[in-house]
Amino acid sequence: MRPMFIWRDPRGVLVADVVQIAKMTPAGPRAFYVARVQGEQVEKPRFACAKRVVESWLRANGVQATPTVA
């Protein structure tokens with residue numbers, strides 16, 4: 001798994017991240033993205049979708065976190 005984007009709170013604690021994984025499909029290997037927040041994982045076919053999952057979770061839970069490219 002290769003980290004793409006990470007979110008840290010003001011104290012520097014890792015809150016969430018989006019990682020890239022490779023999966024085998026009938027057409028061959030393909031990249032998928034996994035949004036990981038507070039122990040939960042959501043797999044999405046596009047990076048933008050996975051990033052949106054993290055951002056909505058942060059907003060819904062009132063968590064202040066700064067995104068950075070990993």
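Me: Why is Arg 11 called exposed?

Reply: Its relative accessibility is 71%. Exposed means over 50% relative accessible area, buried under 20%, and partly exposed in between, with a 1.4 Å probe and protein chains only. So Arg 11 counts as exposed. This is a predicted model: local features need pLDDT of at least 70, side-chain atom pairs count only at pLDDT 80 or more, and totals for chains, interfaces and linings use all residues. Residues are numbered from 1 along each chain as its sequence is written, and side-chain values use heavy atoms, with hydrogens and water left out.

Me: And Asp 9, buried or exposed?

Reply: Asp 9 has 12% relative accessibility, so it counts as buried.

Me: What makes Asp 9 and Arg 11 a salt bridge?

Reply: A salt bridge needs a side-chain nitrogen of Lys or Arg within 4 Å of a carboxyl oxygen of Asp or Glu. For Asp 9 and Arg 11 the N to O distance is 2.8 Å. The pair therefore meets the definition.

Me: How many salt bridges does the structure hold?

Reply: Four. One of them joins Asp 17 and Arg 36, with the closest N and O atoms 2.6 Å apart. Asp 17 is in strand S2 and Arg 36 in strand S3, 19 residues apart, and the pair links distant parts of the chain. Strands (E, at least two residues) and helices (H or I, at least four) are DSSP runs, numbered from the N terminus.

Me: Which burial labels do Asp 17 and Arg 36 get, and why?

Reply: Asp 17 has a relative accessible area of 7%, so it is buried. Arg 36 has 26%, so it is partly exposed.

Me: What does the salt bridge of Lys 23 and Glu 43 tie together?

Reply: The side chains meet at 2.9 Å, N to O. Lys 23 lies in strand S2 and Glu 43 in strand S4, so the pair ties together parts that are 20 residues apart in sequence. Lys 23, at 34% relative accessibility, counts as partly exposed. So does Glu 43, with a relative accessible area of 39%.

Me: What makes S4 and S5 edge strands?

Reply: Two strands pair if DSSP finds at least two bridges between them. The open sheet has five strands in the order S4-S3-S2-S1-S5, with antiparallel pairing. S4 and S5 (66-69) each pair on one side only, and they are the edge strands.

Me: How do you know that S1 and S5 pair?

Reply: Four bridges join them. The definition asks for at least two, so S1 and S5 are paired. Phe 5 stands opposite Val 69 in S5.

Me: How do you know that the length of H1 agrees with its number of residues?

Reply: The expected span is 1.5 Å times one less than the number of residues. H1 has 14 residues and should span 20 Å. Its end C-alpha atoms are 20 Å apart, so the two agree.

Me: Which residues of H1 are buried, and what do they pack against?

Reply: Cys 49, Ala 50, Val 54 and Leu 58 are buried. The buried residues of H1 pack against S1, S2, S3 and S4.

Me: What makes a group of residues a nonpolar core?

Reply: Its members are buried Ala, Val, Leu, Ile, Met, Phe, Trp, Tyr and Cys residues joined through side-chain atoms within 4.5 Å. The largest such core here has eleven residues, among them Phe 5, Trp 7, Tyr 33 and Leu 58. S1, S2, S3 and H1 each supply at least two residues of this core.

Methods
Contact = heavy atoms within 4.5 Å.
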